[in-house]
Amino acid sequence: CSASTGVAGGALPREQKGAPAYCKYWCQYPDQTCIKRTGSPRHRLTAASPTSGSGSGRCAGAGVVLMAEQEEEEVGDGFWEEEGEEEEVYSPEDLKPVAPDTGGDESLRATTAEPGDQDESAKVEGSNTAHLFVFTNDKAGMGKVDKSKVNKVVYEMSKDSAYFAHASSQDKKNDKRIHDLREKLQSLSLSRRSSLASEVSALEIKLEKQRFCRRVCVVVDMDCYYAAVEMRDNPHLRDKPMAVGGIGMISTANYKAREYGVRSAMPGFIALKLCPELIFVRSHFDKYKETSDRVLTVLRQYDPHCRMMSLDEAYLDLTEEVSRRQVEETSSKANLEGGAQMELEEMASRVVAELRAKVQEASGGLTCSAGLAPNFRLAKIASDVKKPNGQCIVPFHREAAIAFLHSMPVRKVGGIGKVMEKTLKEVFGVETVAELFEKRLELFHCLTPKSSHWLLRVALAIHHDDEAKAMAEWKTAVGDGEDAAEATSFQSV
DNA sequence: GCGGATCAC
DNA sequence: GATGGTGATCCGC
């Protein structure tokens, strides 16, 4: 899971969407196993300048708002833990606590309310800087960490550096964009709003037709992978705070280290300040690769086309495997009783639990976490929910998918990074996906059509290309009879 | 097509 | 003292 790669061994970016078919980096799988299955392009979103009419086409001025379109991984590591097999069927209550900014840190609770001008005023020395760092967003397994304390240390160690100066200057530019967007937002008239309302609702209906809920998408993510491999090979490291990487940058930290707030993508010298007894281990990519290959062998038994996104993360489509087992189960049970088919959720969970056990065996005891959902965007997010060594399933119907996603902070969505997170929060007051949906008219007013469309799909828990294709395949596989009628019933609102 | 920005790992 | 390296994509020019 986590692993930022820079440090030792030299620069090893993970494979991204839309990459060439042959991954020339760490995961050298010539047969394309290392690229993501759905190569949808990212796009970047721009705010229309207040002066230029938004409408179609170009808009001069203003800046970038976001990039998007992918079901990318949260860098979510979990902490190392050998026991505690967990399995989770998602239900709304369970996820409530996951919601946005529950953990302390009032400093981040910014100036959302008044859309006026507090441009330069907010120079309150260090109070508001956590968002400048990638590694300050919350991660699995760091619940007990005193975030404000960590943020303070990070700030103290950084404030005079060139890095910080650069980050601040970038942030300032973004503040300007935020300011422009706020102005744009204020220009939203009632009549404009009502025309947007009909436009957007028509779009929702169209998107809804792309929904397909019967695909079993699974994201498997190894728990703090590099650190886990190192601890497997050096068991005495297990009860000590340890990080893979160096003084410059940390790839992965074990759970002991995370108790101190140490995490991936954090510079080692800051980590050392947070945890003076931290042990640094240099990375051994050959071992990670070798173990990863063994894991891949297991995964291919379940989906021969499974894709490794990196050494520690894989995307599988288990639709066929689960369906096959359902049939098996039904026919064997039919001899005894009337044999109702086992629920899709139940069978999928069972298959994934089995898969994870095999992964653990094949990797010499490493644990992984998994997310199951009707599309990969959701599965990716779900894979982080029960980390470490657990799995989370989003039931295969529309309401569950939406409820699950709506409970999430927008930052959990692949493609929304720290810049977009701040923009959404400060311009629209949006922190969760539910709020994203509530503010869809405002978004359509202020952002480019492309941006708004993408965000609407996110808010509806639809992953378009992905699902449309899967649905088409499913329909043909199933034939055109009544089953096809059933297929359409799944997409109905 | 380039430069800048964002996101991902 | 000090904050990785790389690919992909998109926008504005």
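A salt bridge is a side-chain nitrogen of Lys or Arg within 4 Å of a carboxyl oxygen of Asp or Glu. By this rule the structure has 24 salt bridges. The model is predicted, so local features need pLDDT of at least 70 and side-chain atom pairs count only at pLDDT 80 or more, while totals for chains, interfaces and linings use all residues. Residues are numbered from 1 along each chain as its sequence is written, and side-chain values use heavy atoms, with hydrogens and water left out.

**Salt bridge between glutamate 442 and arginine 193**

- Glutamate 442 pairs with arginine 193 in a salt bridge whose closest N and O atoms are 2.5 Å apart.
- Glutamate 442 is buried, at a relative accessible area of 11%, whereas arginine 193 is partly exposed, at 30%; buried means under 20% relative accessible area, exposed over 50%, and partly exposed in between (1.4 Å probe, protein chains only).

**Other salt bridges**

- Lysine 289 and aspartate 293 form a salt bridge of 2.8 Å, N to O.
- These two residues, lysine 289 and aspartate 293, lie four residues apart in helix α8 (residues 285-302), about one helical turn.
- Aspartate 293 is partly exposed, with a relative accessibility of 28%.
- In the salt bridge between arginine 350 and glutamate 329, the closest N and O atoms are 3.7 Å apart.
- This pair links distant parts of the chain, with arginine 350 in helix α10 (residues 344-362) and glutamate 329 in helix α9 (residues 319-334), 21 residues apart.
- Arginine 350 is partly exposed at 40% relative accessibility, while glutamate 329 is buried at 19%.
- A network of salt bridges links Glu321, Arg324, Arg325, Glu328 and Glu354.

**Packing of helices α5 and α8**

- The axes of helix α5 (residues 225-233) and α8 come within 10 Å and cross at roughly 95°; axes are lines fitted to C-alpha atoms over the stretch in contact, and angles run from 0 to 180 degrees between N-to-C directions.
- Helices α5 and α8 are therefore roughly perpendicular, a term for angles of 65 to 115 degrees.
- Residues in the contact (heavy atoms within 4.5 Å) include Tyr225 and Val229 of α5 and Phe285 and Tyr288 of α8.

Conventions
Chains are lettered from A and ligands numbered from 1 in the order in which they are written. Angles under 35 degrees count as roughly parallel, over 145 as roughly antiparallel, 65 to 115 as roughly perpendicular and the rest as oblique.
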